[in-house]
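The sequence and the model are shown first.

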Amino acid sequence: MAASSRGFFDFKLRVTPQLNHFPELCRRKRRKLCFDAQRVPLGNLKFHCCCSDSVTPIRRTSGAGNGGDKIEERRFDPKKNSHIHRVRTQATPPAAMPFASPPSILKQEKFFPRCTPRNSGPQSRDTPPKRDTGIANEKDWGISLLNENVNESGTNEDGSTWYRENGEELGENGYRCRWTRMGGQSHDGSSQWKETWWEKSDWTGYKELGVEKSGRNSEGDSWWETWQENLHQDEWSNIARIERSAQKQAKSGTENAGWYEKWWEKYDAKGWTEKGAHKYGRLNEQSWWEKWGENYDGRGSVLKWTDKWAETELGTKWGDKWEERFFKGIGSRHGETWHVSPSSERWSRTWGEEHFGNGKVHKYGNSTTGESWDIVVDEDTYYE
């Protein structure tokens, strides 16, 4: 896979040029806002992708006889010149990926420097993806996934030891897996850590990046985490899909405490999206849980829900949950907040909203203590 050196996606710029409308080299005097990719070569042509003032002076120098040069100045006004085309770029799959920052053509520093030797080799264009898992990327850890076999180890001044190795595995259908493993421990073995990074791909277009990390310290604390990002094409629908997932857990060595969490994000090229998370934690006599999910069908339908609760060893429990469904401005919300005492006495309040899409919202609810409401109000509807 070329994700560590090329990223997940390739961007294409589609242009239908009219060759007789390409002016000579332009000298822009006024303020302009340009893409970071200053020049994009296409065949024997070079494009300047800029947003400049509406009227841009262009000077052209030509021989005028009698040993003199004639400087001709033209002003092109997009409103008066129908042959001036605006060029837009579009990423495929869609760029609507809010959880991890997707590669963006506008975020890269430059495709090419202003002056590049004609026979120089290809230059890197990569900006490593930023991940929301709190895990540093390969470059920050000094990890190289280049095709170079490394097997080394050593001892530090404090007596701690370390090792690092990498390799490559090949299989059927163009399967390729490049991996890097590293780890170490303190001089007495009370602290240990290890990591494994991998990069996979095959001829079907499947690509995957992943890492697994674990360790423990001298106080007895231990932890484990893993994350994966993959791009593949669904074999039934032939639609490109992207999936990201992560799991983390930790446990205290000095008290009854620990936590675990799992989250995932899934996308396809038609706009379908699913997000979710499960979390659990414990601190001495108290425990808590949380689950949430989001679904988008790519055609305007939205479903969101959350359910979280906690309890103590004495028997006290409490929680809160809600759900919302919308489609084209019409939908509903409803939820419940509840509490249970050690003597099993229960209190709860339920509520709901109906949004009609015309600026009217029906709100209703009740509680076990006698609260009740049922009204229609003028209110705007908002949802993601």
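The structure is a predicted model. Strand β7 covers residues 176–185. Seven of the 10 residues in β7 are buried, so the strand is described as mostly covered, with buried meaning under 20% relative accessible area.

On one side of the pairing, β7 runs antiparallel to strand β6 (residues 161–170), and 10 bridges join the two. One of the residue pairs involved is Trp162 with Gly184, the latter being the partner in β7. The two strands form a hairpin with five residues between them. Within that turn, Asn173 has a positive phi of about 55 degrees.

Strand β7 also pairs with β8, again in the antiparallel sense and over 10 bridges. Here Arg176 has Ser201 of β8 as its bridge partner. This pairing is likewise a hairpin, with six residues between the strands. Gly189 lies in the turn and has a positive phi of about 80 degrees.

## Aromatic pairs

The model contains three aromatic pairs. In one of them, the ring centres of Trp197 and Trp227 are 6.4 Å apart and the planes stand at 80 degrees; the pair is edge-to-face because planes over 60 degrees apart are classed that way. Trp197 belongs to strand β8 (residues 192–201) and Trp227 to strand β10 (residues 222–233), so the contact ties together parts that are 30 residues apart in sequence. Both Trp197 and Trp227 are buried.

Trp289 and Trp309 form a stacked pair, with 5.6 Å from centre to centre and 10 degrees between the planes. Trp289 lies in strand β14 (residues 286–296) and Trp309 in strand β15 (residues 301–312), so this pair ties together parts that are 20 residues apart in sequence. Trp289 is partly exposed, at a relative accessible area of 24%. Trp309 is also partly exposed, with a value of 26%. Ring pairs join Tyr280, Trp289 and Trp309 into a cluster.

## Arginines over tryptophan rings

Two arginines are placed over the faces of tryptophan rings. Arg181 lies over Trp179, at 4.0 Å from the ring centre. Arg241 lies over the face of Trp272, at 5.7 Å from the ring centre.

## Ser214

Ser214 is part of strand β9, which spans residues 207–216. Its relative accessibility is 18%, so Ser214 counts as buried. Leaving aside residues up to four places away in sequence, Ser214 touches Gln192, Trp193, Lys194, Trp223 and Trp224. Among these contacts, Gln192, Trp193 and Lys194 fall in the range of β8 (residues 192–201), while Trp223 and Trp224 fall in that of β10 (residues 222–233).

## Gly359

Gly359 is located in the loop between β18 (346–355) and β19 (360–367). With 30% relative accessibility, Gly359 counts as partly exposed. Apart from residues up to four places away in sequence, the contacts of Gly359 are Val377, Asp378 and Glu379. The C-alpha atoms of Gly359 and Thr381 are separated by 7.1 Å, although the two residues are 22 residues apart along the chain.

Note on methods: Residues numbered from 1 in each chain as written. Predicted model: local features only at pLDDT ≥ 70, side-chain atom pairs only at ≥ 80, totals over all residues. Heavy atoms only, no water. Helix = DSSP H or I, 4+ residues; strand = E, 2+ residues; numbered from the N terminus. Buried < 20%, exposed > 50% of the residue type's maximum accessible area, 1.4 Å probe, protein only. Contact = heavy atoms within 4.5 Å. Phe/Tyr/Trp six-rings, centres within 6.5 Å; stacked < 30°, edge-to-face > 60°. Lys NZ or Arg CZ within 6 Å of the ring centre and 35° of its normal. Pairing = 2+ DSSP bridges.
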